[in-house]
Amino acid sequence: MGSIALEEPVPAEPVDPNADLSSVLPMTAEIRDGHLWVGGVDMVELARTQGTALYVMDEAQIRNQLREFRKWTAFHWKDVETVYAAKAFMCKAMCRVVHEEGCMVLCASGGELAIALAAGVPASRIQVHGNNKTIAEITEAVDAGVDRIIADSLLELHRISEIASARGVEQSVLLRVTPGVKPDTHGYIQTGQEDSKFGFGVNHGLAMEGVRVAAALPGLRFAGLHMHIGSQIFALQSYSKAIEVMVDFMRRVLEETGQSVIDLDVGGGIGIKYGLADEPSTIEQFGKVVVDGIKEECESNGLPVPRILIEPGRAVVANAGVTLYTVGTIKEIPGIRTYVAIDGGMTDNIRPALYGARYECLVANKADQPRTEIVTIAGKHCETGDLIARDTPIQAVETGDVVCVCSTGAYCQSMSSNYNKQVRPAVVFVNAGEARTVVRRETYDDLMRCDVV
Ligand code: LLP
């Protein structure tokens, strides 16, 4: 999948106007009197009262996904932690949900760490990663006392060591290892291959050197290994292959350095269903392949099974979220296509422009009608590539309708921008008939709050 030039025809797939969208909508989605409801809340009413564009998240589904990850890993091994990758979607309310559900929070920056701490997540339930943490970010993580820092380079090991030693503390670190496995996903989100900016390559001795340095430096406690091979992965064999490499490396680490791996972190990346034809694996299958895979490999290498960490992001939140927009201008170009313009776009969802990502759409106030039209949902920004869905099936759509874009809970709000000085939408959690705003809509004042003129 690459970004698609506008002139290229999208492969025509047969469209069933009555296709059931429930597999790409939040689990509590239902249709009542022609309207889409999520979490017992009418999406059309919510759009009218809260304004659009609007991110809506089904809290029950977020909790359900976290529980599923815990359940299907604990089913196979007693010592497993689910560490939610906050980059997929983060705000204080989300951090609290993650913590309440017994999961840890994985932070990718000082900013994410600040939010997790401000939300009240104890540092002992936070891990920090990133391929080029600044000295300030490392200092913040060490000072907070986070459970693990995942070190990406020798430079970082030295920096963590200096900072921890100066404070007289010992910081537990995992080493991010690139196992040399290329999963089947978009090139921009493959991370486990050798040619990558991330981590210590296992093939050229770098990772072994990393272990030796981590074990020898003062202020550091070598706690284990980390991998993350990519994102939106459907084929679980990629995990199996990577686990084989990682556990083989664990054995060599023990043999060559005497160091035991306490934690083996397999990262995130489990794919989700965006299009009706997508067939991602289930959390149950993921749990089995990963945990059983590690157990089997450990057994054949004569090693004890370590604590196992998994870091799902997308699979926790993507299908729990929808984005609501109001339709403005509709431009029909005879014989070419119909553009349906909405009051948002690439500022609240960059993924179609960046990855050629595709989403299912419906008209929330006509949710019981068949999707008989093919239109292109266009954003309001000054870019031709600002399209949310190209040539997509939808109900007969008119100005003023509320368009719902499905499965936007991951990497949409978290990758949003203020391009064209668009204010970012609010985020509303819906649950059991209640809607609570967890991130308010930005105002024009917010757009200027950092201006110092
Ligand atoms: N762990 C690490 C170290 C990661 O870098 C990531 C995501 C995750 C876990 C969570 O991966 P997930 O389960 O969400 O696939 N912006 C892209 C995705 C980038 C993923 C970056 N790392 C997108 O919109 O598709």
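Reply: In this predicted model, the ligand is surrounded by 20 residues, of which the closest are Ser231, Glu311, Arg314, Arg351 and Tyr411. Three of these can be followed down to single atoms. For serine 231, a polar side-chain atom lies 2.4 Å from an oxygen atom of the ligand, and for arginine 351, a polar side-chain atom lies 2.6 Å from an oxygen atom of the ligand.

Glutamine 232 has a positive phi of about 55°, although it is not a glycine, and its place is in the loop between strand E11 (220–226) and helix H8 (237–257). With a relative accessibility of 11%, glutamine 232 counts as buried, because the cut-off for that word is under 20%. Lysine 421 also has a positive phi of about 55° without being a glycine, and it is found in the loop between strand E19 (402–406) and strand E20 (426–431). Lysine 421, however, is exposed, because its relative accessible area of 56% is over the 50% cut-off.

Aspartate 263 belongs to strand E12 (residues 263–265) and counts as buried at 0% relative accessibility. Its side chain is joined to that of arginine 148 by a polar contact of 2.6 Å. Leaving aside residues up to four places away in sequence, aspartate 263 touches Arg148, Leu174, Ala223, Gly224, Leu225, Pro306, Arg307 and Leu309.

E11 is also one of the elements against which helix H6 packs: the buried residues of H6 meet helix H5 (135–144), strand E8 (148–151), strand E9 (171–178), strand E10 (200–201), helix H7 (206–216) and E11. Those buried residues are Glu156, Leu157, Ile160, Ser161, Ile163 and Ala164. An α-helix has 3.6 residues a turn, so residues three or four places apart point the same way. Just after H6, glycine 168 takes a positive phi of about 70°.

A cis peptide bond, with omega about -5°, joins threonine 52 and alanine 53, and alanine 53 is found in the loop between helix H1 (43–50) and strand E4 (54–58). The count of disulfides comes to zero. Cysteine 103, for instance, is in none, and the nearest cysteine sulfur, that of cysteine 95, is 12 Å away. Cysteine 103 is buried, with a relative accessible area of 1%, and cysteine 298 is buried as well, at 0%.

Finally, a word on confidence. The protein chain averages a pLDDT of 95, and 97% of the residues score at least 70. Over residues 1–9, on the other hand, the pLDDT is below 50, and this stretch has 19 contacts in the model beyond near neighbours in sequence.

Notes. Residues numbered from 1 in each chain as written. Predicted model: local features only at pLDDT ≥ 70, side-chain atom pairs only at ≥ 80, totals over all residues. Heavy atoms only, no water. Helix = DSSP H or I, 4+ residues; strand = E, 2+ residues; numbered from the N terminus. Buried < 20%, exposed > 50% of the residue type's maximum accessible area, 1.4 Å probe, protein only. Contact = heavy atoms within 4.5 Å. Disulfide = S-S within 2.5 Å. pLDDT = per-residue confidence, 0-100. Near = heavy atom within 4 Å. Polar contact = N/O pair within 3.5 Å; in protein donor to acceptor, adjacent residues only side chain to side chain.
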